[in-house]
Amino acid sequence: PLLAFAVLLLLLDPERERLRWRSFYVVAAVTILWTTLSWVSSGALTDSLKFFALFDRVAMPLAMFPLGALIFATEHRRELLLRTVALLGIYLGFTGLFEYLRVGALVWPGYIMANPGTSTEIRAGGPWLFPEPLGLVANLAVFASGLLVRTTKSLLWRVVGVLGLVGGLVASLVSMVRSVWLALIVAGLVLGLIVPRLRRWLPLLLVASAVLIAAVLVLSPEFRDVLVARITTERSVYDRQNTNEAALRIVAQLPLFGIGWGEFVNQSLLWVRQADTYPMTTVNIEIHNVFLSRAAETGILGALLWALCFATGPLLGLLSTPRTASARHWKLLGLAAFFIWFLPSLSSLILYTTPNY
């Protein structure tokens with residue numbers, strides 16, 4: 001409802017900018033149409049899960065690309081966005097830490113702790129109840145807060161930016177998701193090597209981070225044990241290997257149309273095989289790779305359309321030459337956001353609306 005209201009306000013704004021033509025819009029429209037036809041062809045029009053999956057993972061994320069360009073068309077609105085994400089980072093840091101420590105009285109909203117079926121003892125999930133979206137949004141908060149510190153003229157909001165950066169780091173850590181950590185490290189290293197000012201401080205930051213992590217591990221043996229358990233766990237790796245191999249079998253046998261949007265969970269037993277070198281732990285899960293999932297369920301054409309959305313949309317923007325200092329800053333944030341989303345997408349579904357948006 002809030003998103004629909006925001007779009008309505010945008011349409012009623014007489015001073016809104018005109019949307020400039022982009023080839024991305026055609027590619028995105030064809031991608032949504034192709035995926036919708038795949039859903040219709042699966043014969044499950046009454047399956048609400050498939051409909052909302054199409055809406056949350058494909059239609060709305062692609063629609064947010066032009067909507068974002070219109071909504072955040074001014075410097076003031078873009079700073080409001082940074083402020084909002086920084087405040088979100090502070091909230092996620094506190095909530096995630098207290099959730100991890102099982103201090104339920106300090107976790108808000110209360111349903112986070114009241115749902116033992118989805119809120120685990122060793123990983124925080126935040127308001128989403130799952131660790132992946134918590135880690136993804138926390139990572140984005142780290143870099144958005146850093147940009148707020150760099151660009152705002154307000155001392156108060158610089159302090160908020162610093163707190164948002166720290167909160168994002170804490171939330172990312174207690175999410176206990178390895179792909180989230182990898183994305184944070186890679187995005188940080190890339191920006192650290194690209195930006196001259198950061199490049200000078202990069203060695204010191206790496207040393208300080210290593211010392212801080214070592215101190216935490218020494219002072220908290222319980223956290224160290226949980227961290228080692230997460231790093232060394234193999235079951236989730238086996239699950240991904242099994243579903244990825246199943247996806248490749250589907251592409252080999254049904255390359256053009258795939259098995260239909262959202263159908264892998266229903267047909268997984270037909271495609272998952274016991275491997276010779278690792279166990280089969282479960283079969284009733286989706287393919288934990290966004291691009292392989294698109295190829296298996298919507299065919300090679302569907303996967304190519306999905307990849308073309310990236311090429312004509314965010315990647316084309318990242319390769320363009322920024323004309324202003326503000327454009328350079330947002331290009332760097334966009335580059336960080338790309339790694340934050342892309343690397344986990346190779347080992348996760350990214351089925352949660354907030355990080356996709």
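Met176 counts as buried, at 0% relative accessibility. The model is predicted, and in it Met176 lies in the loop between helix H6 (155–175) and H7. Phi of Met176 is near 60°, a positive value in a residue other than glycine. The points below cover the chain as a whole, the backbone at selected residues, two helix pairs and Ile194.

**Overall fold**

- The protein chain contains 15 helices and 0 strands.
- For 357 residues, a compact globule would have a radius of gyration near 21 Å, and the 21 Å of the protein chain agrees with that.
- The C-alpha trace spans about 60 × 60 × 40 Å along its principal axes.
- Buried residues make up 44% of the 357 residues in the protein chain.
- Among contacts with a separation of 6 or more, 69% are between residues 24 or more positions apart.

**Backbone geometry in the loops**

- Most residues other than glycine have a negative phi, and most peptide bonds are trans.
- Arg102 has a phi near 65°, which is positive in a residue other than glycine.
- Arg102 sits in the loop between H4 and H5, and its relative accessibility of 37% counts as partly exposed.
- Pro109 is also placed in the loop between helix H4 (75–100) and helix H5 (131–151).
- The peptide bond from Trp108 to Pro109 is cis, with omega near 0°.
- Met176, in the loop between H6 and H7, has a positive phi and is buried, because its relative accessibility of 0% falls under the 20% cut-off.

**Packing of H7 against H14**

- Two packed helices are described by the angle between their axes and the distance between the axes.
- The axes of H7 and helix H14 (residues 325–345) cross at roughly 150° and come within 8 Å.
- H7 and H14 are therefore roughly antiparallel to each other, as the angle is over 145 degrees.
- The crossing of H7 and H14 is right-handed.
- On the H7 side the contact is made by Ser179, Val180, Leu182, Ala183, Val186, Ala187, Val190, Leu191 and Ile194.
- On the H14 side the contact is made by Leu332, Leu335, Ala336, Phe339, Ile340, Leu343 and Pro344.
- By class, the contact of H7 with H14 has 15 nonpolar residues, 1 polar residue and no charged residues.

**Ile194 in H7**

- Ile194 belongs to helix H7 (residues 178–194).
- With a relative accessible area of 40%, Ile194 is partly exposed.
- Apart from neighbours within four places in sequence, Ile194 is in contact with Arg199, Leu332 and Leu335.
- Ile194 and Leu332 are 138 residues apart in sequence, while their C-alpha atoms are 8.9 Å apart in space.

**Packing of H10 against H12**

- Helix H10 (residues 235–253) packs with helix H12 (residues 290–312) at an angle of about 25°, and their axes are 9 Å apart.
- That angle makes H10 roughly parallel to H12, because it is under 35 degrees.
- H10 passes H12 in a left-handed crossing.
- From H10, the residues that meet H12 are Asn244, Ala247, Leu248, Ile250 and Val251.
- From H12, the residues that meet H10 are Leu292, Ala295, Ala296 and Ile300.
- By class, the contact of H10 with H12 has 8 nonpolar residues, 1 polar residue and no charged residues.

Definitions and conventions:
Residues numbered from 1 in each chain as written. Predicted model: local features only at pLDDT ≥ 70, side-chain atom pairs only at ≥ 80, totals over all residues. Heavy atoms only, no water. Axes fitted to C-alpha atoms, helices over the stretch in contact; angles between N-to-C directions. Helix = DSSP H or I, 4+ residues; strand = E, 2+ residues; numbered from the N terminus. Parallel < 35°, antiparallel > 145°, perpendicular 65-115°, else oblique. Left-handed = near helix turned anticlockwise from the far one by under 90°. Contact = heavy atoms within 4.5 Å. Nonpolar A, V, L, I, M, F, W, Y, C, P; charged D, E, K, R; others polar. Rg over C-alpha atoms; globule rule 2.2 N^0.38 Å. Buried < 20%, exposed > 50% of the residue type's maximum accessible area, 1.4 Å probe, protein only.
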